[in-house]
Each structure stands twice: as structure tokens, then as C-alpha cells.
Amino acid sequence: MFFLSFEYILIVAGLLLLISVFASKVANKFGVPALLLFLFIGMLAGSEGIGGLSFENYNLAKTIGDLALIFILFTGGLETEWKSIRPVLVQGLIMSTLGVALTMLFLGTFAWFMLGSFSSVMLGSDGINWVDGLLLGAIISSTDAAAVFSILKSSNLKLKGNLQPLLELESGSNDPMAVLLTTTLVNIVKTGDVSFLNLGITLIAQLAIGIIGGYGFGRLMTWIINNIKVNAQGLYPVISLGQVLLTYSVITLLQGNGFLGVYIAGVVLGNSNFTYKSTILDFHDAISWLMQIGMFLLLGLLVFPSQLITVAPIAIIIALFLMFIARPLSVIIGLAISPYNNSEKLFISWVGLRGAVPIILAISPIAVGIPDAKTLFNVVFFIVLISVSIQGFSLGPTARWLKLENKE
């Protein structure tokens, strides 16, 4: 087996990071979603690309992906202004819970009823049952915070009213629901033990512990940063870094949802006054970008482009159903009692971008040994490529077409 020396590994890592940064500059200039370029750079560097780098460690990829999501969600919380999300708090929480569940239900049922003939391609020759379909739906049920934050930021798109706070709140807070549904359904598929009552109880407990724990740790972060006295200004970001890791770990150990917890903690800290605030905010913005680049490059390395061709037909069918039926239906139902008009609901439906989270969640079935899970991973990866490409490119034109861009 061929091994690279430590120095060559550093050279490759440095080159990939620099190429990604320059690619993001090109992306901003031409309106291309930066994360899409990061994925393609990873694919080009992979075993079937010009780089020829072989990487198939799915467990390591999931660990790195989870770590990246922790800091991406925390930074998203830091940049979320409470005064902007307060008017959309109820709608955002509905979309991040009920909306995710409805998307899973619609998409899972569609896969069960309509895609049985493709079962040998997607999940093996034994066919697709309802739980298998729900697992697929759960994996790709949530909009991705990294994708939404990145595209809204890189496109300099300003939206009218409370649209942008709602989209950022939903994308930042709905990953925990998707994670919980996916892990529960993976266990059901693996063991065959179906208990939707336990699922509901676990969901409520994880959300409650995540929210309460996140708020408590956010207040604690503020107090520690303001009261601890260190000699070097550069140590304050290090303090916040340690607090983020503790927040996620403790809440997770308490059976809460750590991803939701770090997002809530970020919102609490970001809306408080604390020492060296600009330094800490800039630090976490840089960490977030580094995590996004590293995560998408790594996920690009994991995929084999030749295998994507095999799953292309089913992935296209699922992606189209997701974009034009499942997501719009979940928005219509979730925002049935809301002040948003039809144009705004249409745009909210269209900003249902899928990104790294579904790809990371698709690693879970592989990790526990579910049959044909790698094929499922390729299906999810292809769906993400379609979502980011079509929806990511069209966010600006769609907002202008619906007259929802704020030009002030």
C-alpha cells in the first residue's frame, strides 16, 4: 500500500486549502455556490480524479464532519441577531421540527410506493419497505446551515422582511431533528424494533435538553469570558473554542442534542456584550470557513464519480420530488398559519438546499453495516449535487423574480 510522508500530506492539505480559497473568490465573482466547488475539488483530488488520493475511512469522515458541524452551527448562532429572529421564532421552530418530519414522511412514502422497481439499485434486491423509505427521507430531510449561510453570504443577497432570519433560523436549528430521526431509523432498520412512541419521547427529551443546555452554556460562556483575566488577547478565542467543545459534549452526554445546544449557545453569546467580541467573532468566522472547506473537500474525496452514474436516474427522480413536491408541501403545512404570502412561501420552499449534513448522515448506515449502504450514500451525494447546483445557482434570480430582494 502506498503511504504519503507527513511532509507530502501537509503539502497536499495546504494546496487544497489554497485552491479552495481561490475557488471561493471565483465563486463569488460568477455567482457559483462555493461549497459546490469545494466538493468538486475534493472529487478531483480523489482516487478517480487527477489527484489519485484514496480515502475510504467513513468513520473518520463522520467524526470530522460532526466536528465541523459543531463550529459551523455555533458560528451561525453567533451571527444570528435575536431581534431579527424573535419575530420568526415560532415559524422557525415549526419548520425545523414539523417541517423536517413532514419532508421525511412525504419523501419516504414516495420512495416506498413509487420507487420499488429501483430497489436493486438503491437498497438491494430485497425491496424497499416503508422504514427504508423513511430512512432515506430522514437523511435528506433538513436544509443545510452551511449551504444556506454560505450562499446567502457569498451572493450578498438581502431579502425583504423577515425572510432571511427565518431561513437562517430554520437551517441552523433543523439539523438536530434530522440527526435524531436518522439515528433512530438506522437502529430500527438494523434491529427491526419499531417503536414510534419511544421515538417521540426521545425527540422531545433531546430538544428540551438541547435548548435548556444551550441557553445555560451560552450564559456561562458570557460570564467566563467577561470575568476571566488572561494576559494575551489571543487566548480569549481559545477559551471560547474550549467552551464550544464542552457545550456539545456535556449536552450530548446528558442525552440532549448537542448540535442544537451549540447553536443556541452561539445565539445567546452573540447577542450578549463580552470582552474582545470582535476578535472572538472574527476567529469563529475563520474557523467556520476552515471547517466548511475541510468538510466538503473530505466528502468529495469519499465519493467515486463512476458510481454516481449508476444511481443517477433514481437520484434525479428523488431530487425533483424533494424540490417540487415534498419541500413545498412541508412549507405550506408548516406555515399555514403565518403572515407569509404565497410568493414568500414559494421562495422559502426553494431555499431548501441540501448540503454536507445529508452526506454525513448517509455515512451512519455504512458505519453500522446496513446492506447496500454505500449505494445509499451515492444516491444522497448525487441529490446534494443537484440541490446545490440548481437551487444554489438560482437563489438570486428567484428572489428578484418574486420581487423579494431588498435593494436598500
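So, which residue follows α10, and is its phi positive or negative? I'll get there, but a word on the model to start with. It is a predicted one: local features need pLDDT of at least 70, side-chain atom pairs count only at pLDDT 80 or more, and totals for chains, interfaces and linings use all residues. Numbering runs from 1 along each chain as its sequence is written, and side-chain values use heavy atoms, with hydrogens and water left out.

Okay, back to the question. The residue after α10 is Gly 192, and its phi is positive, near 80 degrees. Helices here are DSSP runs of H or I, at least four residues, and strands are runs of E, at least two, numbered from the N terminus. The helix itself, α10, covers residues 175-191, and its 17 residues reach 24 Å from first C-alpha to last. That is close to the expected 24 Å at 1.5 Å a residue, where the expected span is 1.5 Å times one less than the number of residues. Of those 17 residues, 12 are buried, including Asp 175, Pro 176, Thr 182 and Ile 188. Buried means under 20% relative accessible area, exposed over 50%, and partly exposed in between, with a 1.4 Å probe and protein chains only.

Zooming out: the protein chain has 19 helices and zero strands. Buried residues are 55% of its 408. Take the contacts with a separation of 6 or more, and 83% of them join residues 24 or more positions apart; contact means heavy atoms within 4.5 Å.

Now the surface. The chain exposes about 17800 Å², with 67% of that from carbon and sulfur atoms; the areas are Shrake-Rupley, 1.4 Å probe, and for residues only the protein chains shown count as cover. There's a nonpolar patch with about 680 Å² of accessible area together, and Leu 98, Phe 324 and Ile 333 are among its residues. For a nonpolar patch, residues need over 30% relative accessible area and no salt bridge, and side chains are joined within 5 Å. A salt bridge is a Lys or Arg side-chain nitrogen within 4 Å of an Asp or Glu carboxyl oxygen. Helix α15, residues 305-334, gives the largest share, seven residues. Leu 320 sits in that helix and is partly exposed at 40%.

Last stop, Lys 374, in helix α19, residues 373-401. Lys 374 is partly exposed too, at 42%. Beyond neighbours within four places in sequence, it touches Glu 56, Tyr 58 and Ile 366. Its C-alpha is 9.8 Å from that of Gln 307, 67 residues away along the chain.

Conventions: Patch = residues over 30% accessible without salt bridge, like charges linked within 9 Å, V, L, I, M, F, W, Y side chains within 5 Å.
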